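Thanks for coming. Please have the model open as I talk.

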Amino acid sequence: MERQIKHGLAILRLKQLEAHIGLKRSAIYSKMNPKSRQFDPDFPVSVSLGDRAVGWYAHEVEEW
């Protein structure tokens, strides 16, 4: 994954994101939800990878 991150196109799936930032699924989705008290407008936006799959760009997570 280190090699992909250098190119800026690495995508983290939910489990990888949880391990990387130390938050669980519910906290991550709360940060993404504008109606939540934990909403963080600076949190990286997820990208659709298919009908039921999302990911986050690794470089955006690093910047956050």
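I start with a pair of residues: Leu12 stands opposite Trp56 in strand 3. Ile11 also has a bridge partner in strand 3, namely Tyr57.

Before going on, a word on the source. This is a predicted model, in which local features need pLDDT of at least 70, side-chain atom pairs count only at pLDDT 80 or more, and totals for chains, interfaces and linings use all residues. Residues are numbered from 1 along each chain as its sequence is written, and side-chain values use heavy atoms, with hydrogens and water left out.

Now the strands. Strands (E, at least two residues) and helices (H or I, at least four) are DSSP runs, numbered from the N terminus. Two strands pair if DSSP finds at least two bridges between them. Strand 1, residues 11-12, is antiparallel to strand 3, residues 54-57, with two bridges. Strand 2, residues 47-48, also pairs with strand 3 over two bridges in the antiparallel sense. There, Val47 has Gly55 as its bridge partner.

In what order do the three strands of the open sheet lie? The order is 1-3-2, with antiparallel pairing.

Last, Gln16, which lies in helix 2, residues 14-21. Its relative accessibility is 34%, so Gln16 counts as partly exposed (buried is under 20% relative accessible area, exposed over 50%, partly exposed in between, with a 1.4 Å probe and protein chains only). Between Gln16 and Ala58 the C-alpha to C-alpha distance is 9.8 Å, and they are 42 residues apart in sequence.
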